[in-house]
Amino acid sequence: MQLPKDASNHLGNQNWQPIFHNYSPRSEYALNLKSNFIQDIIQDQFNDLWFATIHGLYRVSGKILPSLNSPQQVPLDFEIFLKSSNDANSIVGNDVRKLLEDEQGMIWLATANGLSQYNWYSNQFKNFSFPKTDLNSQFSPNFIIDEDKNIWVGYGKSGISKYRISNEKIIQVNQNINHLIQDKEVMVLYSPDQRWLYVGTELGITSIDLKTLKCIKYPIPNWLKSTVQNLIITSILVDKDGFIWVGTKVGILKINPKTKAFSLYEPKSHDPNSISDLSVNHLIQDNEGAIWIATYNGINRISDPNKEEPVFEK
């Protein structure tokens with residue numbers, strides 16, 4: 001997306017129209033791109049862009065990015081990484097779902113078949129299989145890195161596994177942690193500070209102190225259970241004031257961490273300030289404190305999350 005140099009990013013003061021440059025397998029500008037299903041994007045310390053797709057991992061060199069400031073569309077050369085049975089240093093699986101970069105600059109990717117670590121120095125991948133998994137789980141593998149540089153992986157019915165980078169092994173977490181989530185299927189993992197781990201399951205949200213293993217539970221209230229039989233959690237966000245926002249397939253939930261009270265916000269045809277869609281895919285909070293919500297029906301923004309009845313700007 002190309003913005004004018006004098007463009008304002010304040011809602012209500014946008015007297016400009018963005019220019020969208022499309023890069024897809026059918027585009028002459030997307031060289032070597034074979035997949036139209038992008039599942040995650042990150043930018044690494046070298047400014048390279050990494051794209052997780054259902055048909056492999058792609059990289060675009062950061063050296064080309066300055067030329068993208070031109071209003072004319074610039075061709076991008078997508079370098080592709082695929083699983084190869086003849087190459088032990090290829091990625092572990094082609095269905096790449098999540099990406100992250102650690103402090104050493106290593107790129108980690110979670111796939112349906114396990115974890116891969118990309119070493120930029122050797123330009124090779126090191127692969128690690130999950131413990132016995134339910135590959136038919138509808139939930140993507142989620143993973144975070146804690147302040148001790150351990151990797152915590154949540155994978156469906158397999159629960160939570162722990163990977164110590166120094167030992168180069170995937171170690172199943174002490175059963176006490178999986179017991180804290182009652183061995184339920186893990187939908188989402190999230191950490192706001194690399195110390196507290198928030199786990200979303202069908203029972204609600206559980207936060208775990210990764211240092212002490214202290215656990216705080218935010219169970220789904222009975223009034224919500226009677227409304228929704230199978231709550232699917234898609235994302236978690238802890239805002240700057242400590243409130244917990246939960247994206248679901250039935251709207252967005254806000255949890256008061258002190259009272260553990262839940263509020264549900266869903267679309268209302270008569271209310272233009274309500275959220276635009278039931279299905280929430282992702283949540284982030286920007287540096288100004290506004291919360292951005294990705295849905296199947298556009299992007300919503302809450303400029304003041306502290307309001308009792310938040311206004312969803314669309």
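The following exercises, each with a worked solution, concern a predicted model of a protein.

Residues are numbered from 1 along each chain as its sequence is written. In this predicted model, local features need pLDDT of at least 70, side-chain atom pairs count only at pLDDT 80 or more, and totals for chains, interfaces and linings use all residues, while side-chain values use heavy atoms, with hydrogens and water left out.

**Exercise 1. Overview and confidence**

Determine how many helices and strands the protein has, and which elements have the lowest and highest mean pLDDT.

Solution. 

Step 1. Helices (H or I, at least four residues) and strands (E, at least two) are DSSP runs, numbered from the N terminus. The protein contains two helices and 25 strands.

Step 2. The predictor's confidence in each residue is pLDDT, from 0 to 100. Its mean for the protein is 83, and 84% of the residues reach 70 or more.

Step 3. Among the elements, the lowest mean, 65, belongs to strand S14 (residues 169–172), and the highest, 96, to S20. Where pLDDT is low, the predicted coordinates should not be read in detail.

Step 4. A residue is buried under 20% relative accessible area, exposed over 50%, and partly exposed in between (1.4 Å probe, protein chains only). Of the 314 residues, 45% count as buried.

Step 5. Contact means heavy atoms within 4.5 Å. Among contacts between residues at least 6 apart in sequence, 42% join residues at least 24 apart.

**Exercise 2. The largest nonpolar core**

Identify the residues with the most contacts inside the largest nonpolar core, and the element that gives the largest share of this core.

Solution. 

Step 1. A nonpolar core is a set of buried Ala, Val, Leu, Ile, Met, Phe, Trp, Tyr and Cys residues joined through side-chain atoms within 4.5 Å. The largest one here has 30 residues, and Ile252 and Ile293 have the most contacts inside it.

Step 2. Elements that give two or more residues to this core include strand S19 (233–238), strand S20 (244–248), strand S21 (251–255) and strand S22 (262–265). The largest share, four residues, comes from S19.

Step 3. Not counting residues up to four places away in sequence, the residues that Ile252 touches include Trp245, Tyr265, Ile293 and Phe312.

**Exercise 3. Aromatic rings**

Describe the geometry of the pairs Tyr58 and Phe78, and Tyr265 and Phe312.

Solution. 

Step 1. Rings of Phe, Tyr and Trp (its six-membered ring) pair if their centres lie within 6.5 Å; planes under 30 degrees apart count as stacked, over 60 as edge-to-face and the rest as tilted. The structure holds twelve such pairs.

Step 2. Tyr58 and Phe78 are edge-to-face, at 6.2 Å centre to centre and with 80° between the planes. Tyr58 is in strand S4 (residues 56–60) and Phe78 is in the loop between strand S5 (76–77) and strand S6 (79–81), 20 residues apart. Both Tyr58 and Phe78 are buried.

Step 3. Tyr265 and Phe312 are tilted, with 6.0 Å centre to centre and 55° between the planes. This pair links strand S22, which holds Tyr265, to the segment after strand S25 (298–302), which holds Phe312, 47 residues apart. Tyr265 is buried at 8% relative accessible area, and Phe312 is buried at 3%.

Step 4. One aromatic cluster is formed by Trp50, Phe81, Tyr118 and Phe125.

**Exercise 4. Salt bridges**

Solution. 

Step 1. A salt bridge is a side-chain nitrogen of Lys or Arg within 4 Å of a carboxyl oxygen of Asp or Glu. The structure holds six salt bridges.

Step 2. Glu147 and Lys211 meet in one of them, at 3.7 Å, N to O. Glu147 lies in the loop between strand S11 (142–145) and strand S12 (150–154), and Lys211 in the loop between strand S17 (204–209) and strand S18 (215–219), so the pair ties together parts that are 64 residues apart in sequence. Glu147 is partly exposed at 33%, and Lys211 is partly exposed at 42%.

Step 3. Asp148 also forms a salt bridge with Lys211, the closest N and O atoms being 2.8 Å apart.

Step 4. Arg195 is in the loop between S15 and S16, and Asp209 is in strand S17, 14 residues apart. Arg195 is partly exposed at 29%, whereas Asp209 is buried at 5%.
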